[in-house]
Amino acid sequence: MELNQEQKKVVYSPIGWKRLLACAGSGKTTVLIQRVLYLISQGMKPSRILLITFTRKSAREMRLRLRRMLPDGSEYPWAGTFHSLAFQLLRSYNTIADYSLLKDGEEEELKMSIASLYQNKLLYIPYDLLANIRKQSGLPLFVKNIYEDFSQKFHETKRTRKQIGFDDFLPLLLKEWQENESYRKDFSNRFDAILVDEFQDTNPEQIEFLQKFLMRSHDFLAVGDDWQAIYGFRNADMTVLTRFEKFFPNSKTFFLTMNYRSTPQIIQTANRVLALNREKVKKKMKSVLPAGSEVHFYFFENRNELQKWISDAWVMGTKISKEKKTILCRTNVQCNFFLPAESETVSAMTIHQAKGLEFDHVLVAALEDHVFPHRDADIEEERRLLFVALSRAKKKLEIGIIKSHLSVEKQFSRELGYGIVNPFAYSEFAES
């Protein structure tokens, strides 16, 4: 496989601690796979390589790709999520033998049951908020206090019932390592190389795990993109990537800036989005593809007008198959509103659901006051979310904007810079 110069620098780099800042569509998965193969070619045993991903799906894909590239009968690197790794270790330590494992639905049901006990104390705030809090910043003080009490009761109930949930694995493992230092040392000595994907999505517990586990002799590669950090509400801390040297001293930084997915016009628009963000690593994403069509901005008086345009022009006016085009929304409520009758001919999903995917044709629906950017969210994360939406498009990109007299929408759409503005260009759109 032919690698570009940026990719080669990472793949063939010496043993050490490294940060790889990989722009959208720049081939980071290829680099991870090739780095593993290079380490093996240099004599490292596959079983001593640990590859950590953030979803079971991506872990499966990594394993499949490696098995296709390694000879039959070879040992394989260990590939999985933080949670699956912690679960296997806890099982090997016999820590959770007496516990029953709560499935996702069961844990949510228990949360909601306990949260309902607080509905009278929360006044005007829905009690189910307690069951869904991932990060406490921005909450009123009285809600934070109630949440602390709720959280304590939730964990006490699980302990009493001898139940363990998905999010308990890492805290339990860290506790086990604190009480049994030999366990941690034994695990650290099992591996020579550790590679972590989607590093911008790590949370404090995962970073603590890595800091306790890593040794200077390890080859450590953290791959991520601070521009695509969109899980702050789940307690992810992107500053670990932006301020990497503070957490992992004496490390080296590499960049992947060449985008193989999107046209130059799409990349130019996407690059503008994060210009005003303060917490970021400066870099410039570049497209390797030939010029394509301009990015179009469409203005509408309200959601109903945009919905009509979607059904009259966007759905009927494009010949691209359903699988190659999509409508990206900030919330599920937006998705449901724009698809009351068109579900047979078009797909819609939230931007969070679209992370890691790509489409020939994308409509972002829509920039809308209090919704996108969301009124309760961090504006810098909202810009990163918009960046993720725009960078899903390969060939054609449209952005819907609901007009408003308020300043937030005007600010957000102005930051983008306008391409071709055609509020009702049905015929032109249909012919393009």
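Mentor: We take the sheet, then the helix pairs, then the backbone and the confidence. This is a predicted model.

Trainee: What is the order of the strands in the open sheet, and how do they pair?

Mentor: The order is S3-S2-S6-S7-S1-S8, six strands with parallel pairing.

Trainee: Why do S3 and S8 count as the edges?

Mentor: Strand S3 (78-81) and strand S8 (252-256) each have a single partner strand, so one side of each lacks a neighbour in the sheet. The twist averages 15 degrees from one strand to the next.

Trainee: What makes S2 and S6 a pair?

Mentor: Pairing needs at least two bridges. Strand S2 (residues 49-53) and strand S6 (residues 193-196) are joined by four, and they run parallel. So S2 and S6 meet the criterion. In one of these bridges, Ile52 is partnered by Val196 of S6.

Trainee: Which helices pack on the sheet, and what do they touch?

Mentor: Helix H2 (residues 28-41) is one of them; it touches strand S1 (17-22), S2, S6, strand S7 (219-224) and S8. The direction of H2 makes about 170 degrees with that of S7. Helix H10 (residues 204-213) also packs on the sheet, touching S2, S6 and S7. The direction of H10 makes about 165 degrees with that of S6.

Trainee: What makes H13 and H17 roughly antiparallel?

Mentor: The axes of helix H13 (residues 264-273) and H17 cross at roughly 170 degrees and come within 9 Å. The label applies over 145 degrees. H13 is therefore roughly antiparallel to H17.

Trainee: Which residues form the contact of H13 with H17?

Mentor: Ile266, Thr269, Ala270 and Val273 come from H13, and Arg383, Leu386, Phe387 and Leu390 from H17. Six are nonpolar, one is polar and one is charged. Arg383 belongs to the charged class.

Trainee: How do you know that two peptide bonds are cis?

Mentor: Look at omega. From Ala365 to Ala366 omega is near 0 degrees. From Phe372 to Pro373 omega is near 10 degrees. Most peptide bonds are trans. Ala366 lies in strand S14 (residues 359-367), while Pro373 sits in the loop between S14 and helix H17 (379-390).

Trainee: What makes Lys162 worth a look?

Mentor: Lys162 is not a glycine, yet its phi is positive, about 60 degrees. Most residues other than glycine have a negative phi. Lys162 is in the loop between helix H7 (141-161) and strand S5 (163-164).

Trainee: What is the average pLDDT, and where does the pLDDT fall below 50?

Mentor: The protein averages 87, and 89% of the residues score at least 70. Over residues 419-432 the pLDDT is below 50. That stretch has 32 contacts in the model beyond near neighbours in sequence.

Key. Residues numbered from 1 in each chain as written. Predicted model: local features only at pLDDT ≥ 70, side-chain atom pairs only at ≥ 80, totals over all residues. Heavy atoms only, no water. Helix = DSSP H or I, 4+ residues; strand = E, 2+ residues; numbered from the N terminus. Axes fitted to C-alpha atoms, helices over the stretch in contact; angles between N-to-C directions. Contact = heavy atoms within 4.5 Å. pLDDT = per-residue confidence, 0-100. Parallel < 35°, antiparallel > 145°, perpendicular 65-115°, else oblique.
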